[in-house]
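Hello,

Here is the structure for you to look over. My notes on what turned up follow below it.

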Amino acid sequence: MENGGGDVPENANDHCPGTQSEAAGKADACAGCPNQQICATAPKGPDPDLLAIIERMNTVKHKILVLSGKGGVGKSTFSAQLSFALAEMDYQVGLLDIDICGPSIPKMLGLEGQDIHQSNLGWSPVYVESNLGVMSIGFMLPNPDDAVIWRGPRKNGLIKQFLKDVDWGEIDYLVVDAPPGTSDEHISIVQYLQIAGIDGAIIVTTPQQVSLIDVKKEINFCKKVGVPVLGVVENMSGLRQAFSDMKFVKPSEAGETDATEWALNYIKEKAPELLSIVACSEVFDSSKGGAEKMCQEMEVPFLGKVPMDPQLCKAAEEGRSCFTDQKCSASAPALKSIIKKLVKTK
């Protein structure tokens, strides 16, 4: 195969001009190449800001991307709880939200309404605790309901600014919560972090095939751009809920009426032992093996399953850690197990 200069992907067409060439993604030789769109939209040539990014990232020991193929699979919830857990393990942690159009991290960390402050060292993160700092475009919006209607170059510019201007200080982990899919933001964050040494990516999915189809694309994206896949997390892996927390309804032709009080009183009287058990239900179809089987097929690590836990959803809504009390009894142990695997790997 005859190809151009350096930075030529293994699966490139003949006569590839190289990913850093001005002709990348645009030359005749690029037609039909699986990398064409990525090459055409990626920044070209030496970037004068890269040195500033390298210098800033030198104070960060580990850099972890959290990705998903689809939205709504709990990626930001996982990023938030991962950051809470690492901070509670006495690590110095930064959480960077690069979901420019849908920044949910401020709410999930209980930081809505906070502002970014600047000093002579750069932008200061907003701190949850002394060892957990957060940065998000959500802190820059005058109104949290404002839509961010930006094209790719402007999004990429803000991501670059986050990386070179935020003063994280000396930290152990930088967790980067990315938007779903494989878009401009992903190309930019990978390009900028690779020069500073990225540990890899965690990919979050739900068990059903409609989600796993897109996760496979996400894994292939990571392989294509050279980002190690640290592992896949199967989130919402079956509903787990204490029987005593369930609601009951009585259907009729006129509609549904709440029967919770009656049902719980009946159970207390007739079968009180039921109140101490946890009800389980497979919400999503995992009959084809779910994420675990997919990981075996694609030869990437499987980190574990996190059940759908209403108490975890409530913790995210309230912007708090699920590890500080016993309420998230279904999800917290599963999350802890996954996070211990990650820390051990690091």
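**Cysteines, pockets and domains**

Cys39 counts as buried, with a relative accessibility of 11%. Buried here means under 20% relative accessible area, exposed means over 50%, and partly exposed lies in between, with a 1.4 Å probe and protein chains only. Cys39 sits in helix 1. Helices are DSSP runs (H or I, at least four residues), as are strands (E, at least two), and both are numbered from the N terminus.

Before you read on, two notes on the source. The model is predicted, with local features needing pLDDT of at least 70 and side-chain atom pairs counting only at pLDDT 80 or more, while totals for chains, interfaces and linings use all residues. Residues are numbered from 1 along each chain as its sequence is written, and side-chain values use heavy atoms, with hydrogens and water left out.

**The cysteine group**

Which residues does the "binding site" annotation cover? The unreviewed UniProt entry lists Cys16, Cys30, Cys33 and Cys39. These four span 24 residues in sequence, yet no two of their C-alpha atoms are more than 10.7 Å apart, so they gather at one spot. Cys16, Cys30, Cys33 and Cys39 also belong to the lining of the largest cavity. A word of caution on the record: UniProt positions follow the numbering used here, feature names are shortened, and annotations may be inferred rather than shown by experiment.

Cys30 lies in the segment before helix 1. Cys30 counts as buried, at 8% relative accessibility. Leaving aside residues up to four places away in sequence, Cys30 touches Asn13, Pro17, Ala23, Ala24, Gly25 and Gln36. Contact means heavy atoms within 4.5 Å.

The search uses a 1 Å grid over the protein atoms alone: a cavity is a set of points where a 1.4 Å probe fits but cannot get out, a pocket is an open set with protein on both sides within 12 Å along at least five of seven lines, and lining residues have an atom within 4 Å of a point. Grid points are joined across faces, edges and corners, and a volume is the space filled by probe spheres set on the points.

The largest cavity holds about 80 Å³ of space. It is lined by 15 residues, and Cys16, Pro17, Cys30, Cys33 and Cys39 are the closest to its centre. By class, this lining has nine nonpolar, six polar and no charged residues. Ala, Val, Leu, Ile, Met, Phe, Trp, Tyr, Cys and Pro count as nonpolar; Asp, Glu, Lys and Arg count as charged; the others, Gly among them, count as polar.

The second largest cavity has a volume of about 40 Å³. Thr77, Phe78, Gln81, Asn235, Val306, Leu312 and Leu335 line the second largest cavity. Helix 3 (residues 75–88) gives the most to that lining, with three residues. The classes are four nonpolar, three polar and no charged.

**The open pocket**

The largest pocket contains about 400 Å³ of space. Its lining has 15 residues, with Thr19, Gln20, Ile38, Gln194 and Val225 nearest the centre. Eight of the lining residues are nonpolar, five polar and two charged.

Which helix gives the most to the lining of the largest pocket? Helix 6 does, with four residues. Helix 1 (36–41), helix 6 (184–194) and helix 7 (209–225) each supply at least two. Domain 1 and domain 2 each provide at least three residues of this lining.

The chain is assigned domain 1 (12–45), domain 2 (49–238 + 285–345) and domain 3 (240–281). Those bounds come from an automatic or database domain assignment. The C-alpha centres of domain 2 and domain 3 are 36 Å apart. Their contact takes eight residues from domain 2 and four residues from domain 3.

Met57 is in helix 2 (residues 50–57). Met57 is buried, at 1% relative accessibility. Its C-alpha atom is 8.7 Å from that of Trp168, 111 residues apart along the chain. Among the residues Met57 touches, beyond those up to four places away in sequence, are Lys63, Leu163 and Trp168.

Ala263 lies in helix 8 (residues 260–270). At 9% relative accessibility, Ala263 counts as buried. Ala263 and Phe248 are 15 residues apart in sequence and 6.9 Å apart in space, C-alpha to C-alpha.

Best wishes
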